[in-house]
Amino acid sequence: MIAAAIERLRSVRAIGAVIEWLLSLLPWRTPTASLDPDVAFRIVSSARRRHLVRALEETDAEAIDVSELAALVAATEYGLETDALDADQRKRVYVSLYQTHLPRMADLGLIEYDVDAGIVRPTAESAAIAAAVDDVDGQIQREVIL
Amino acid sequence: MAAATSQGGSLPEETQEDAVTKNDIYDAIATERRRIALRYVLENDDGDGVELGELAEAVEFVQGDYERIDEIGSKARKAVYVGLYQDHVPVLADAGLVESDKRKNRVFTTATTAAVVDVIDTVESRLCAGDSR
C-alpha cells in the first residue's frame, strides 16, 4: 500500500513537471516589455543595437565590460570570432557603443550602464528585446526575404 | 548565432545590390507612418491597389487627433501625401513590401506585405504590451 502511495506521488510529480514545461511554452511566459512603440521600433531597427541586446543576453554574466561587449558585437557584425578581430574593428564598434548606443539605451531604461566602471548590465527590458529580436529575425528570414 | 554565420558562408549581404536584406525590412518598419501605411494597404487593396491620396488621408487620420475623416485639413493631407510620395512609399517599395504605380498614383500589396505586418504585430505584442504581468 505504501509502495502504491509512493508510486502515485511520483506520477503526480511527473505530471507536475510536464505541466510546468507546457506552461513555459505559453506566450505569456515569454519575456515582454511595455515600451513606447516608437522606442521599440527604433531600438529594433538598428542592427548594432540588435546585436548589442543579443550579446548582453548571450553572456550569462550579470555584468559585462564595455570593451568585451564591443568585441562580441563586432564579432557578429564582421562574421568573425572575437580572437580574429583586429584592433580597428574592435575600436570602431567600441566608440559607437560608448558614444551613442549605450548612453541612449541607458537613458531609455533598457540597460544599466555604469560609465565610470565601464560596465553594462542587462535588464528585463533588454532581455525581452533580445527574445523578440530572435523571433522577428526568424520571421523575416522565413517569410519576408523570399 | 555563431553557427548561423559559419554555415551560411555565402550570405547575400551587400554582394547583390538589389537583394532585399534584413536591414531593409527593419528600416522599412522603423517609422510609425510607414507601419500605418503598410497595414492600410494590406487591409484595403482588393486587387487594384490603394490611391495615394486615400492612403495619405488614412495615415493622417490614424496618426492625428481626429474624430471624423473630414476634419483633416487640406494642408495636413498634402503634407502627408508629399511625405508618402517622396519618402515612405519608395522606401517600402525598395524593400519589396509594396508596389507603386507612380503614373496612376496607386500602391499595391506584394507577396511579403502580410508577412511584414505580422512582424510588426510581433514587435508590438512582445515589446509594447500594455502590462506584461
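**Ground rules.** The model is predicted: I take local features only at pLDDT of at least 70 and side-chain atom pairs at pLDDT 80 or more, while totals for chains, interfaces and linings use all residues.

**Helix α2(A).** I looked up which residues of α2 (37-44) in chain A are buried. They are V39(A), A40(A), F41(A), I43(A) and V44(A). Buried means under 20% relative accessible area, exposed over 50%, and partly exposed in between (1.4 Å probe, protein chains only). Helices (H or I, at least four residues) and strands (E, at least two) are DSSP runs, numbered from the N terminus. Then I checked the N-terminal end of α2(A). D36(A) caps it, with a side-chain oxygen 3.0 Å from the backbone nitrogen of D38(A).

**Helix α6(A).** The cap here is T123(A), whose side-chain oxygen lies 3.2 Å from the backbone nitrogen of E125(A). I also checked the length of α6(A). Its 21 residues should span 30 Å at 1.5 Å a residue, and the end C-alpha atoms are 29 Å apart, which agrees. The expected span is 1.5 Å times one less than the number of residues.

**L56(A).** I found this residue in helix α3 of chain A. L56(A) counts as buried because its relative accessibility is 1%. Beyond neighbours within four places in sequence, L56(A) is in contact (heavy atoms within 4.5 Å) with I64(A), L69(A), I111(A), V120(A), P122(A) and S126(A). P37(A) is 19 residues from L56(A) in sequence and 22 Å away in space, C-alpha to C-alpha.

**Sheets.** Chain A has an open sheet of three strands, ordered β1-β3-β2, with antiparallel pairing. β1 (64-65) and β2 (111-114) stand at its edges with a single partner strand each, so one side of each has no neighbour in the sheet. Two strands pair if DSSP finds at least two bridges between them. I found four bridges joining β2(A) to β3 (119-122). Y113(A) stands opposite V120(A) in β3(A). In chain B, an open three-stranded sheet has the order β1-β3-β2, again antiparallel. Its edge strands are β1 (50-51) and β2 (98-101). Four bridges join β2(B) to β3 (106-109). S100(B) has V107(B) as its bridge partner.

**Rings.** F61(B) and Y66(B) are stacked, at 6.5 Å and 15°. F61(B) is partly exposed at 27%. Y81(B) and Y85(B) are also a stacked pair, at 6.4 Å and 5°. They sit four residues apart in α5 (74-94) of chain B, about one helical turn. Y81(B) is partly exposed at 22%, and Y85(B) at 33%.

**Charges over rings.** The test is NZ of Lys or CZ of Arg within 6 Å of the ring centre and within 35 degrees of the ring normal. K102(B) sits over Y85(B), 4.6 Å from the ring centre. R50(A) sits over Y26(B), 3.5 Å from the ring centre.

Notes: Residues are numbered from 1 along each chain as its sequence is written. Chains are lettered from A and ligands numbered from 1 in the order in which they are written. Side-chain values use heavy atoms; hydrogens and water are left out. A polar contact is a pair of N or O atoms within 3.5 Å; within protein, one must be able to donate a hydrogen and the other to accept it, and residues adjacent in sequence count only if both atoms are side-chain atoms. Rings of Phe, Tyr and Trp (its six-membered ring) pair if their centres lie within 6.5 Å; planes under 30 degrees apart count as stacked, over 60 as edge-to-face and the rest as tilted.
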